[in-house]
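Take a look at the fold below.

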Amino acid sequence: MTNVGVLGASGRMGREVCRAVEAADDLTLVAGVDPHHEGAELGNLVVAGSPDAFEGVDVAVDFTTPESVIENARWCLGRGMHMVIGTTGIGADGLEEIRRLTDSANANAIVAPNFAIGAALMMRFAEQAARYFDAAEVIELHHDRKVDAPSGTAITTAQRIGAARDGMWEAPGGDGSHPGARGADVEGIRVHGVRLPGLLAHQEVIFGSAGQTLTVRHDTIDRSAFIPGVLLAIRSVADRPGLTVGLDALLD
């Protein structure tokens, strides 16, 4: 049995993860932590206010905020707990610190911008298509409570496209009165973020060349789509030394 603790246990994803871990035959939910909801009841669990409740935890799952995830990583990895991190908005410096923590501790980490297996495949297919199309743009659409933009999935997708394509392509920019009209520039790829009520998590990548376009799209209809990927990461992290970035690495 693998003992699991969940950081951000009272959040939308945290609650889903707690239920899935409790339902799994090979996992045990030891504790859930959420300092903003300490004492709340979550099924058979009473939410704790700090990771001090993580006694005996083998794998800590983090779905918190970019402001708290690095401190959580210091605490958990420094105590030899493996980590599965689904918190988005972690910058390059944060990833490098997590990498250093795994190198200095007897613990591993998997950080994924998106735990939906379909989203991981979407990024893989986009990377393959980039070998044949230099022109590409990314449109990501999320619910209006998502605070980071562009999404981690969109940033990772753009980075993978930029690394895979042979040439460069530039489209005209926006006019001087509307400089944001063309979206963000990530590795030379334009990325557009949409935030609206009624959405959950969606992304499409549009490739273009003379006389044709190709669209690769993934839609998350319910947060349950993330759970198989989270469980796969929990079960895999102990066997993946150091830092692993992206769910795609677990699908080979």
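This is a predicted model: local features need pLDDT of at least 70, side-chain atom pairs count only at pLDDT 80 or more; totals for chains, interfaces and linings use all residues.

## Sheets, helices and selected residues

Two loops deserve a stop. The loop between S8 and H5 holds Pro 150. A cis peptide bond joins Ala 149 to Pro 150, with omega about 0°. The loop between S9 and S10 holds Glu 187. Glu 187 is not a glycine, yet its phi is positive, about 55°.

**The six-stranded sheet**

A second open sheet has six strands, in the order S2-S1-S5-S6-S7-S13. Here the pairing is parallel. Strand S2 (27–33) and S13 stand at the edges with a single partner strand each, so one side of each has no neighbour in the sheet. Neighbouring strands are turned against each other by 20° on average, direction ignored.

Helix H3 (residues 92–104) packs on this sheet. H3 touches strand S6 (82–85), strand S7 (109–111) and S13. The direction of H3 makes about 145° with that of S13.

Strands of a sheet pair through backbone hydrogen bonds, either parallel or antiparallel. Now follow S5 (residues 59–62). Four bridges join S5 to strand S1 (residues 2–7), and the two run parallel. Four bridges also join S5 to S6, again in parallel. The table lists some of the bridge partners.

| Residue | Bridge partner |
|---|---|
| Val 4 | Val 59 in S5 |
| Gly 5 | Ala 60 in S5 |
| Val 61 | Val 84 in S6 |

In a regular strand the side chains alternate between the two faces of the sheet. How do the residues of S5 point? Val 59 and Val 61 point one way, while Ala 60 and Asp 62 point the other way. All four are buried.

Val 69 lies in helix H2 (residues 69–78). Is Val 69 buried or exposed? Val 69 has a relative accessible area of 1%, so it counts as buried. Val 69 and Ile 85 are 16 residues apart in sequence, and 8.2 Å apart in space from C-alpha to C-alpha.

Go back to S13 (residues 243–245), where Thr 244 is found. S13 is an edge strand of its sheet. Even so, Thr 244 counts as buried, because its relative accessibility is 7%. The side chain of Thr 244 makes a polar contact with the side chain of Arg 240, at 3.2 Å. Leaving aside neighbours within four places in sequence, Thr 244 is in contact with Ala 109, Ile 110, Val 111 and Ala 249.

**Two helices that cross**

Two packed helices are described by the angle between their axes and the distance between the axes. Helix H1 (residues 12–23) and helix H6 (residues 227–236) pack at an angle of about 65°. Their axes are 10 Å apart. H1 passes H6 in a right-handed crossing.

Which residues make the contact? From H1 come Met 13, Glu 16, Val 17, Ala 20 and Val 21. From H6 come Ile 227, Val 230, Leu 231 and Ile 234. Of the residues in this contact, eight are nonpolar, none is polar and one is charged.

Note on methods. Residues are numbered from 1 along each chain as its sequence is written. Side-chain values use heavy atoms; hydrogens and water are left out. Buried means under 20% relative accessible area, exposed over 50%, partly exposed in between (1.4 Å probe, protein chains only). A polar contact is a pair of N or O atoms within 3.5 Å; within protein, one must be able to donate a hydrogen and the other to accept it, and residues adjacent in sequence count only if both atoms are side-chain atoms. Contact means heavy atoms within 4.5 Å. Axes are lines fitted to C-alpha atoms, for helices over the stretch in contact, and angles run from 0 to 180 degrees between N-to-C directions. A crossing is left-handed if the near helix is turned anticlockwise from the far one by less than a right angle, and right-handed if clockwise. Ala, Val, Leu, Ile, Met, Phe, Trp, Tyr, Cys and Pro count as nonpolar, Asp, Glu, Lys and Arg as charged, and the others, Gly among them, as polar. Two strands pair if DSSP finds at least two bridges between them.
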